[in-house]
2 protein chains.
Amino acid sequence: MPTIGFEQHIAEVAARVEAGLEALLSERPEPGEIARPARLLAAMRHATLGGGKRLRPALLTAVARLFGAEGEEPLRAALAVECVHGYSLVHDDLPAMDDDDLRRGRPTVHRAFDEATAILAGDALQALAFATLADPATDPDPAVRAELVLVLARAAGPGGMAGGQMLDLAAEGRFREDGPERLGEAEVLRLQAMKTGALIEASAEMGAILGRAGGGDRAAIAAYARALGAAFQIADDLLDAEGAADAVGKATGKDAAAGKATLVGMLGVGGARARLDALTATALEALGRFGPEAEPLRGAARFVAAREH
Amino acid sequence: MPTIGFEQHIAEVAARVEAGLEALLSERPEPGEIARPARLLAAMRHATLGGGKRLRPALLTAVARLFGAEGEEPLRAALAVECVHGYSLVHDDLPAMDDDDLRRGRPTVHRAFDEATAILAGDALQALAFATLADPATDPDPAVRAELVLVLARAAGPGGMAGGQMLDLAAEGRFREDGPERLGEAEVLRLQAMKTGALIEASAEMGAILGRAGGGDRAAIAAYARALGAAFQIADDLLDAEGAADAVGKATGKDAAAGKATLVGMLGVGGARARLDALTATALEALGRFGPEAEPLRGAARFVAAREH
């Protein structure tokens with residue numbers, strides 16, 4: 001298995017994810033389904049096709065590859081992760097949530113369609129993710145499939161993404177009983193670990209599960225992914241604080257306007273950049289037990305730290 | 001294993017489901033979770049505790065019992081089904097969807113909390129359902145767990161519940177490009193098979209999976225549940241057309257006001273009652289291969305036909 005850089009890997013994966021999602025979001029019902037309404041599918045396609053860095057699929061497949069798992073099976077698991085990621089973006093953009101009109105330079109799903117369709121498209125993408133993971137085509141071993149479902153569902157649920165978005169809304173002072181309290185650094189880190197870190201970590205863990213990684217290797221990958229996820233969020237906050245809307249593809253400066261608690265707001269731009277560098281170093285250290293075959297994962301850490309959109 | 005009637009069974013199951021959901025919706029995070037925000041959990045509890053007939057859990061556990069599976073494992077699968085059912089009610093009630101203020105005689109989740117919390121509570125309930133099914137406590141055999149996930153996810157997704165709700169909104173003439181077309185009987189049956197039938201059928205199928213039922217028995221259970229699901233929807237439509245709001249616990253007469261296409265509207269009350277009787281007979285016929293041990297399932301068919309709330 002030749003070692004490739006992360007840029008080459010993510011470009012290859014992005015093309016395969018696009019084709020895979022096209023196939024997954026076909027109008028033809030799967031066994032056990034009755035019919036797939038055209039408008040719902042169009043909204044699901046709008047939510048997932050034609051954009052996105054595909055960082056999570058690239059991470060999942062790079063970890064799987066490190067442990068010798070390649071081909072269609074890790075890709076299917078990566079499609080499931082991308083369905084969950086896409087669903088969360090659609091729901092986060094809703095008027096009742098972050099009320100965003102623009103995502104990846106295009107109208108958000110509730111703007112391109114309508115609110116009810118956006119809610120249902122998100123719901124259906126989440127269900128489709130778990131149906132995809134549980135399908136025998138994702139791995140011949142049902143124990144692997146069940147573990148993939150468990151890891152992704154925990155990352156998506158009340159103790160992961162959904163819970164993180166809840167904390168994020170509370171941090172804006174939305175709910176009278178909580179009051180507009182200022183979060184401390186520990187609370188912000190926890191919020192971000194749930195809202196964005198959990199799915200990034202789950203992606204890496206799913207790659208390790210598909211590759212039948214041993215306990216020590218799995219723990220190292222988890223430590224790597226935890227640092228990577230935290231670095232990703234800081235890079236995102238730095239982009240929001242510094243970036244131009246046309247490079248980022250969505251409105252910038254929104255965090256400060258919304259009074260969102262971010263590490264950039266707490267540590268300043270310089271302090272946040274230093275934290276980002278430290279997290280990148282932590283991620284690379286966690287990969288110390290692996291040789292050159294982990295080069296794509298090291299590239300992923302540098303990619304996250306350096307990204308500009 | 002003593003044969004019990006369905007009324008006794010559903011009462012016992014309702015108590016066990018309530019206790020099981022209490023435990024599932026504890027604030028203590030599960031392994032792989034970071035923290036469960038209190039407001040999110042409160043909304044998830046509001047959505048699922050303290051009400052509901054628990055028809056789907058009763059059906060799942062009755063089918064499992066028919067094939068010799070009893071105890072905590074079928075109950076856990078039933079909790080997952082009830083989480084999906086609860087999530088779908090929360091989202092269907094949202095202002096952008098059916099805009100309901102009342103459910104089971106209490107404020108809907110977005111009225112008791114707020115819209116964002118209701119969206120997230122629904123999302124988190126769906127994720128929790130799949131985490132519950134994939135957990136080894138639900139069945140020691142991972143092949144069974146993976147199959148349970150697949151059946152439930154297909155029933156919830158674009159070709160099941162989410163798709164059915166989409167068709168229901170379209171049937172109200174919501175979307176300009178589709179126009180306010182009148183649905184024919186076949187389209188109404190398909191819509192209802194997706195919106196409510198899919199989850200009822202999945203519940204029965206999951207019971208058969210947990211009981212390791214053979215192919216012929218599974219097909220019989222599927223035919224039974226398909227008729228039961230269709231009967232359930234007609235009974236629901238009859239209640240909406242005829243029932244008093246205080247007995248039903250939610251606003252009645254809404255279907256006609258919303259211009260919803262129902263079989264009661266097409267066949268009249270008498271025609272719909274005759275159809276309900278025919279479906280009940282079909283459900284009972286499908287159980288012909290089973291002896292007195294299937295008595296609770298026969299009772300379920302009579303229960304659905306006769307229910308008044």
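The side chains of E295(A) and R302(A) meet in a salt bridge, with N and O 3.1 Å apart; the term covers a side-chain nitrogen of Lys or Arg within 4 Å of a carboxyl oxygen of Asp or Glu. E295(A) is partly exposed at 30% relative accessible area, and R302(A) is partly exposed at 43%. Here buried means under 20% relative accessible area, exposed over 50%, and partly exposed in between, using a 1.4 Å probe and protein chains only.

A word on the model: it is predicted, so local features need pLDDT of at least 70 and side-chain atom pairs count only at pLDDT 80 or more, while totals for chains, interfaces and linings use all residues. Residues are numbered from 1 along each chain as its sequence is written, chains are lettered from A and ligands numbered from 1 in the order in which they are written, and side-chain values use heavy atoms, with hydrogens and water left out.

## Salt bridges

Over all chains, the search finds 44 salt bridges. One of them joins E18(A) to R54(A), at 2.9 Å from N to O. E18(A) sits in helix α1 (residues 6-24) of chain A and R54(A) in the loop between α2 (38-48) and α3 (55-66), so this pair ties together parts that are 36 residues apart in sequence. Helices (H or I, at least four residues) and strands (E, at least two) are DSSP runs, numbered from the N terminus. E18(A) is partly exposed at 24% relative accessibility, whereas R54(A) is buried at 3%.

In chain B, E18(B) forms a salt bridge with R54(B), the closest N and O atoms being 2.9 Å apart. E18(B) belongs to helix α1 and R54(B) to the loop between α2 and α3 of chain B, so the pair links parts 36 residues apart in sequence. E18(B) is partly exposed at 24%, and R54(B) is buried at 3%. Back in chain A, salt bridges with shared partners join E18(A), R54(A) and E82(A) into one network.

## Cysteines and backbone

No disulfides (pairs of cysteine sulfur atoms within 2.5 Å) are found over all chains. C83(A) is buried at 0% relative accessibility, and C83(B) is buried at 0% too.

Two residues of chain B deserve a look at their backbone. D99(B), not a glycine, has a positive phi of about 50°; D99(B) is placed in the loop between α4 (72-92) and β1 (102-103) and is partly exposed at 44%. R104(B), likewise not a glycine, has a positive phi of about 50°. R104(B) is found in the loop between β1 and β2 (106-107), partly exposed at 27%.

## Cavities

The structure has three cavities of 30 Å³ or more. On a 1 Å grid over the protein atoms alone, a cavity is a set of points where a 1.4 Å probe fits but cannot get out, and lining residues have an atom within 4 Å of a point. Grid points are joined across faces, edges and corners, and a volume is the space filled by probe spheres set on the points.

Three residues from α4(B) make up the largest share of the lining of the largest cavity; for the second largest cavity, the largest share is three residues from α4(A). The lining of the largest cavity has five nonpolar, three polar and four charged residues, where Ala, Val, Leu, Ile, Met, Phe, Trp, Tyr, Cys and Pro count as nonpolar, Asp, Glu, Lys and Arg as charged, and the others, Gly among them, as polar.

Conventions: 1 Å grid on protein atoms, 1.4 Å probe; cavity = no way out; pocket = protein on both sides within 12 Å on 5 of 7 lines; lining within 4 Å.
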